[in-house]
Amino acid sequence: MLPLEDYLIVDFSQFLSGPSASLRLADMGARVIKIEKPVTGDICRTLYTSDLMMNKESSVFHTINRNKESFAIDFKDPKELKTLKKLLAKADVVMHNFRPGVMERIGLSYQDIIAINPKVVYAEISGYGATSELKDKPGQDLLLQSLTALTWLSGNKQDGPVSMGLSIIDMLAGAHLAQGILAALYRKTVKNIGALVQLSMLESAFDFQFETITTFFNDGEELPERTKSNNAHAYLGAPYGIYQTKDGYLALAMGAIPVLANLLNCDALNQFPENKFDLRDQIKAILANHLLTQETKFWLNILEPADIWCANVLNYEQLFAEEAFKVLDFIQEVKMEDGYTYQTTRCPIKIDGQIFKAERGSPKLGQDNERILQEISNI
Amino acid sequence: MKPLDGLIVLEFCQFLAGPSAGLKLADMGARVIKIERPIKGEACRQLSIKDLFVDHSSLLFHTINRNKESFAADLKNPSDLALVKKLIAKADIVTHNFRPGVMDKIGLTFADVLAINPQIIYAVVTGYGNKGPWAAKPGQDLLVQSLSGLTWLSGRKSDGPVPFGLAVADLMCGNHLVQGILTALLKRAKTHKGVLVEVSLLESALDIQFEAITTFLNNGEKLPIRGDVKGSAHAFLSAPYGIYQTKDGYISLAMGDLSIIAKFLDLNLDQYADKKKWFICRDQIRNLINIKLQEKNTQDWLKILQDQGFWCERVLNYKELNQQSFVQELQLKQTIINKNGKQIVTTRNPIRFDGELILNSKAAPEVGEHNKLINAQFINQ
């Protein structure tokens with residue numbers, strides 16, 4: 001039995017944030033029906049983040065929409081809207097990530113849905129909430145990273161703003177929306193009431209930085225300062241960072257400097273008996289020079305037995321060759337209705353020892369129309 | 001009425017991943033009780049950034065553990081352990097992030113706890129799962145980032161590996177733990193049986209890379225290659241995607257039509273008209289845009305480009321961000337107050353239920369602050 005079996009989720013969301021939430025719910029057993037515009041569908045189908053096309057559609061779309069059904073319907077047409085509403089009346093969850101006002105204009109606002117389905121969980125992600133200044137702006141990941149100052153935490157001091165190189169705010173907003181939906185579904189099992197769940201990418205970006213923003217508010221508003229080299233966290237002292245070695249790289253997370261001086265046989269470090277935060281640039285520079293002299297394996301063999309927190313730095317090719325990765329069984333092959341197969345990752349959560357894999361690939365636009373229309377006519 | 005009202009969570013977790021999940025559950029209405037060593041308490045109490053302390057505990061601890069209670073107990077002491085077991089009998093959820101084997105020694109494995117409370121949800125955070133050669137490795141954020149391939153996505157190609165400057169593996173793992181626990185509650189509602197939930201930092205770090213990993217798996221295993229111009233923002237995206245310097249600051253440009261950029265920046269990009277070149281020649285194109293953007297102030301460029309519907313934004317720092325009117329309008333800050341009346345300004349939970357913000361001024365507890373209350377309510381009955 002899958003834990004979310006019997007839940008029906010009707011998902012109007014596009015791109016990344018909303019669909020990443022419904023993917024999680026689908027993997028844990030919910031039935032997810034994607035509502036898409038006929039002809040074009042989810043804009044993400046043609047959003048190419050790489051030059052890679054898979055079965056004529058973008059790799060992002062395939063990654064994020066597997067294990068879902070597609071129902072193509074022109075909900076701006078009153079007759080079709082009426083049909084769709086019959087499905088919405090049966091849904092446990094209705095979710096979307098349109099900008100504020102769009103669902104109201106279509107006639108599918110929270111008020112409209114509870115009129116036909118009083119116990120629905122209605123969930124929405126916006127870019128910036130209903131703020132007067134920003135509500136019509138595009139909720140795009142890089143723009144959110146830039147606006148919320150996230151770009152001053154990664155990279156080194158002289159690098160200028162450095163963004164995190166994947167759509168992290170989308171992922172966070174999706175993760176938070178899934179939490180909100182699940183919490184509301186739990187309350188429904190206890191109190192038998194529905195819910196309106198709302199969040200914005202802006203709020204998720206704040207939540208992600210709760211430690212550093214709180215520090216800023218409470219230390220006299222000093223801005224974060226990254227180290228000159230080997231930065232991994234603007235607020236942490238040496239040695240925290242990644243260092244180049246003779247044949248690769250070494251990540252070093254903690255360790256008292258005199259202990260490191262001794263273990264690494266690095267005399268120059270002995271001038272820092274106290275690990276002062278203000279001296280981290282100098283300490284890192286000395287470490288960086290010294291670690292270049294040997295191979296990564298050499299350093300790991302010294303540091304790991306001494307319980308110093310350190311690791312090799314791997315790329316995908318190296319990681320996938322590791323036994324530790326293979327035992328996770330993290331890659332799965334999925335199959336589309338037309339027989340096209342592709343490999344992708346699985347859900348990261350295990351429940352009762354069960355790994356959630358699902359063979360079904362992403363849907364072709366409208367592939368489930370006939371069956372869903374039949375189900376609607378039987379309602 | 002908060003969605004998790006009435007639920008009791010016993011948090012044996014330390015540091016960030018598990019406690020960040022506990023904070024989310026607390027904000028959504030659960031009663032979260034930290035089970036801590038007497039006197040010293042959770043290790044994170046002494047872990048500070050910039051040496052900032054609120055009372056006996058660091059600001060960092062306060063940020064992660066507000067809105068919780070504390071029950072001090074020495075799990076190696078049989079009489080304390082007996083009290084904790086009584087508490088487990090009344091709880092809904094137990095979370096821990098001990099390394100594999102520790103709970104076996106204490107006698108609080110899933111099987112042990114299930115024997116006390118057959119409907120318990122037992123949620124475990126590990127670094128790398130509980131089998132395989134990395135199972136005993138320290139589950140620390142930077143190490144997990146380094147092992148997971150994540151460091152090859154940010155910054156420039158010539159920078160070497162660039163980690164995310166926040167504990168992203170910990171925080172995503174905390175988010176996944178919340179999802180797992182809530183899903184387990186729904187399962188329990190149907191089966192009336194206890195549920196085991198497991199997450200790991202490594203799997204969470206891989207999950208956020210699902211797009212990049214899927215691309216790698218289906219393009220003949222070509223590794224992602226970052227651009228090599230300052231402000232490169234995404235290994236897979238074409239020009240103009242990235243951050244640029246202007247006369248007085250920085251501006252970020254999202255994906256968009258280069259011909260629009262060329263027209264409104266008054267820039268000749270004719271030789272890159274073929275869309276394929278937007279990716280292959282992204283460094284050359286971005287260099288040309290970079291030179292042009294330094295001619296005017298950010299605000300001037302924003303006006304020009306946003307009027308054309310182009311997706312672009314200012315690059316703010318915390319000081320500038322804090323001055324934006326939307327911080328007040330959306331109530332992105334809240335103030336918590338500790339026992340001595342000391343105020344701490346922090347962020348709030350991002351989710352709103354039924355139109356209500358989740359705000360709570362309750363500060364993190366002192367070690368064992370709630371022993372008396374909890375003894376009276378649950379144990380000495």
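Which strands of chain B does helix α3 of chain B lie across? The legends below take up this point and others in a predicted model.

**View 1. Helix α3 of chain B lies across strands of chain B.** Helix α3, formed by residues 78-90 of chain B, lies across β1, β2, β3 and β4 of that chain, with β4 spanning 93-96. Relative to β1(B), the helix runs at about 145 degrees.

**View 2. Strands β1 and β2 of chain B run parallel.** Strand β1 of chain B covers residues 8-11, and strand β2 of chain B covers residues 31-36. Four bridges join these two strands. E11(B) has K34(B) in β2(B) as its bridge partner. In general, strands of a sheet pair through backbone hydrogen bonds, in either a parallel or an antiparallel manner.

**View 3. An open sheet of eight strands contains strands of chains A and B.** The strand order is β15(A)-β14(A)-β6(B)-β5(B)-β4(B)-β1(B)-β2(B)-β3(B), and the pairing is mixed.

**View 4. Strand β14(A) is joined to β6(B).** Two bridges link these strands, which run antiparallel. The bridge partner of I351(A) in β6(B) is V197(B). Helix α7 of chain B, residues 168-191, lies across β14 of chain A (350-351) and also across β4, β5 (121-126) and β6 (195-200) of chain B. The direction of this helix is at about 165 degrees to β6(B).

**View 5. Chains A and B are in contact.** Chain A contributes 115 residues to the contact, and chain B contributes 112 residues. On the side of chain A that touches chain B, helix α7 of chain A (residues 168-191) supplies the largest share, 14 residues. The residues on this side of chain A comprise 64 nonpolar, 37 polar and 14 charged.

**View 6. Chain B is assigned two domains, domain 1 and domain 2.** In the domain assignment, domain 1 of chain B consists of 8-207 + 330-379, whereas domain 2 consists of 250-314. The centres of these domains of chain B, taken over C-alpha atoms, are separated by 44 Å.

**View 7. Chain A contains 15 helices and 15 strands.** Along the principal axes, the C-alpha atoms of chain A fill a box of roughly 80 × 50 × 45 Å. Of the 379 residues in chain A, 55% are buried. Among the contacts in chain A with a separation of 6 or more, 68% are between residues 24 or more positions apart.

Terms used:
Residues are numbered from 1 along each chain as its sequence is written. Chains are lettered from A and ligands numbered from 1 in the order in which they are written. This is a predicted model: local features need pLDDT of at least 70, side-chain atom pairs count only at pLDDT 80 or more; totals for chains, interfaces and linings use all residues. Two strands pair if DSSP finds at least two bridges between them. Two residues are in contact if their C-beta atoms, placed from the backbone, lie within 7 Å. Axes are lines fitted to C-alpha atoms, for helices over the stretch in contact, and angles run from 0 to 180 degrees between N-to-C directions. Domain bounds come from an automatic or database domain assignment. A residue is buried if 20 or more other C-beta atoms lie within 10 Å of its own, exposed if 12 or fewer, and partly exposed in between; C-beta atoms are placed from the backbone. Ala, Val, Leu, Ile, Met, Phe, Trp, Tyr, Cys and Pro count as nonpolar, Asp, Glu, Lys and Arg as charged, and the others, Gly among them, as polar.
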